[in-house]
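Please look through the structure below with these notes beside you.

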Amino acid sequence: MSIEQSSGPGPVGGDAVGLLGRSADLEFFAELRRRLADGGAGTAVLLEGPAGVGKTALLEAAAGGARASGFRVLRFAGVESEVTLAYSGLHQLLFGMRDGFDRLPPGQRAVLEGILGSSVAQAPPERFAASVAVVEALRRTAEDDPVLVVIDDVQWLDRASGDVLEFVARRLSGLPVDLLVAGRAGHAHALDRHGLLRRRVETLDERSAAALLRAAHPGLAPHASERLLQEAAGNPLALLELPALLTREQFTGAAPLPLSLPVDDRLEALFAPRLRELPAATLELLLVAALEGTGGLRTIWAAYPGGMEEADAALLAAEEAGLVRVDARAGRLVFRHPLVRSAVVRTCRPGRRRAAHRALAEALERDPERRIGHLVAASLGPEEHLAADLEQAGHAALGRGSATLAVTALRRAAELSPEPAERSRRLAHAAYAAAQSGALDVTAVLVDDGYWERASPQDTARATLARVYALLETDGDATAAHRLLTGVIDGLLAAGTDGAETGGAEPQPSPAAVREVVGELQFLLTLVAFYAQRTDLWPEVLERCQDAPDQVRLYCLAFDAPQERAPEVRRRIRRAFAALPPDAGPRPVTQLSMLSVYFDEASEYREHWMRVARRSREGGTFVQWSYGTILLGHEAFFAGRFTEAEALAREGLAMAEELGHRLAGFRLASQLALVAAVRGDAETVGTLTRTILAWSEPRRLGLLQVSARQARALLALGQGDYETAYRDCALVSPPGTLPPLNPRAIWSVYDLVEAAVYTGRTAEARVHVAMARSACLGELSPRLALLTHAAAALAGPVETAEAGFRRALAVADVHAPFDRARVQLAFGRWLRAHGRDPEAAREHLTAALHTLEELGAAPWASAAGTELAALTPPAEPEPLGEEGLLTPQELQIADLAATGLSNKEIGARLYISPRTVSTHLYNIFPKLGIRSRAALRDALGAQVRAECGGEYVEYVDRPVI
């Protein structure tokens, strides 16, 4: 690069000037690029230093080097005037990625288009959906080339964008993406909370500073140069900009320098003289552009009072002064340096700034996310009409699922409310929106800060809803939650639903609005009882839910006596699903779907809840997201897709822990424990269940205790520890009962019967089977029909057992491979133990072994293999005759199996299915006179190999590829 020469005052624009003395930093960036290009993990780096130290120049150099190395570079900067505008920073990032949105799932594409303002129908969602969508967008973008994301002035990044980028930074280890952030030292910002690799950008040493000053300003008088080097103290921006303040006489040494020169944090004032020389119209345009933040010309022209034609004329003076430039290709107005933008805003009076924000709010009428931010910034003090506008915008945002935006708008609306009652009402709505979004810390602050002495019962109730959500998720205190909910329900019911006391002549809420709040309180009260599973609290719940909405009464029916009412609950669930309108929101669908899971009916309504679960995970609040994740996890588990179920549980658990949602986290941890139990991972099951029980038992959260015991019982069954399995199953559901408030006990019916039979508790097993029959559990789903028939066969008399097992395995449409394989294993074991039909036993055990190995259910697969081997009596090994020779493929499979490879690994090497491998091993064992894989190595020893002929010897000496 060449350095532009100058014969007088004024900085030059060459990038090389600002990089003098930065060789170590440039090498650091080069090493990051090499590491990522070689397949290394992405890295998040924070450059810290004072204003003007050269962070922006280093970012430019890093971006240029990355582009030259084949990286895709995405750049944006925080804007001080936009710190209250949600997603303003993210808007800039996504603008550079919009060409790849077509690769994304529709829901995530809609999320990102909402942030960009290109989707009018759906405003940008709250943090959780935006975070997931941005990570996916970066992953898809990096499929072609590695990506460098560059963020300047992170201290001015809005909170919503910062939260999303913090989420992204935690997940760089799995992406070919580097994150390079620059911020002023001593300024807090969102990414401070993440452990970024910090790199301090120091001021220049004396030699480099002198070289920079000479290169940028040749002809500067020696004594002036000495003075500027002293005042600048190695700050590159000061060295570049301070000489521009000097008169020609001062520059050449003909006149003395001023007594003091601005440096460091006062460098923004360097641009003030240039701004004062601009026409008023140009300053007005620059103010609008500075506050708009993204540089979008269309919005700037729309907000500028004179319109596009006058804006063009006003822009010319700013371009000639070197303060801005137009990027015609991107349609953006670009400030020369972030400090220019800051100087523009700081030199304008507050009244002019508020007027510009109002103009931008009008121009952004079709972009509700950014419009709300400008409305907030335009407000000065209590102003009812502006508070009403913000409240309306907040409710609209909440209806679209953008809870974070709703919180911002409603909270500011409350602050602008002149009347205390209006303030309380708006704060209550803000607290409720915060609870739905998952922002529990914000919820607590809003509830504690509320002025509730003038609040109506309805507003107090809504605030209580928010408080209970936060209380349950953080503390798990179901007792306190029950007490709060019953108290506020009693208050509302006492006031009646024909109106509400508001004190004096305050406007009364509509009866429909009051009933809606009461319905939400009743539903949450029912859920609290379900989480606690405390029968002593249940009568109070039923008393307060007599006139509840239909869906609440359905939950009460299901929880009250699942043993007696399971078929009726099933019928009502079906009717409720059939009555849902086509445009039903996520809440009613999710509520019905969760209930159907407990009664094993979810597969019937897969079309409904899969649509809502995916939409919630792509663009909903955290509450919707977490329920969607739990639903998808249960469906994957029962369908035998254990890897998918584990991935969903881990993802949800990480998110819940990050947000402080402990209750949701423990529910997801219990799903993880179930998967580990199937795989026989005793260490993971033990760690998870001990943690769940240690938190839930003191809080009397029965639901979590049940889930932990179900996982422990499943692990014990796989290990053959039937006594432990029985104890845990009996704690979930004592023999012969399905306890109230515990429909999950339906899942453990077969587990208890199997454990009881194998521990000699036949009477207890038969009592439980009788209960299952009387409750008609076999009518709920094909899976439960399979398990109920199998339980009856296990516990019944010998003369009816075989017919019972065959009846179970004849059930059609059972999409539960693990459960079917367990029944096949039990049937094969029974046939062998009773000396019945060895060929049938071999058939069922072989099928079970194939399925269980494919599913990764190692303990059960081992049991099936043991039973299968026991069917063949031990025989004396005989020399292999001609008829006993292993085929070439059998030889390959036997040799690989002897090394310890699994059927799946052998199949992958030989390009055959694991089932084919298992069949070959079934034929190989009797040929070699062995009964287990452990004996293969000895059977394939030197003597046997020699007897197999030269062809085999030649094969075993050749490496397997």
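1. E568 is partly exposed, with a relative accessible area of 27%, and R572 also counts as partly exposed, at 33% relative accessibility; here buried means under 20% relative accessible area, exposed over 50%, and partly exposed in between, with a 1.4 Å probe and protein chains only. This is a predicted model, in which local features need pLDDT of at least 70 and side-chain atom pairs count only at pLDDT 80 or more, while totals for chains, interfaces and linings use all residues. Residues are numbered from 1 along each chain as its sequence is written, and side-chain values use heavy atoms, with hydrogens and water left out.

2. The side chains of E568 and R572 form a salt bridge, 3.0 Å from N to O, the term meaning a side-chain nitrogen of Lys or Arg within 4 Å of a carboxyl oxygen of Asp or Glu. Both residues lie in helix α27, four residues apart, about one turn of the helix; helices are DSSP runs (H or I, at least four residues), numbered from the N terminus. An α-helix has 3.6 residues a turn, so residues three or four places apart point the same way.

3. Helix α27 (residues 562–579) has a kink of about 35° centred on E568, where the bend is the angle between axes fitted to the seven residues ending at a residue and the seven starting there. Among the buried residues of α27 are A566, P567 and V569.

4. A salt bridge also joins D163 and R159, with the closest N and O atoms 3.0 Å apart, and both residues lie in helix α6 (residues 159–169). D163 is buried, with a relative accessible area of 9%.

Methods
Helices (H or I, at least four residues) and strands (E, at least two) are DSSP runs, numbered from the N terminus.
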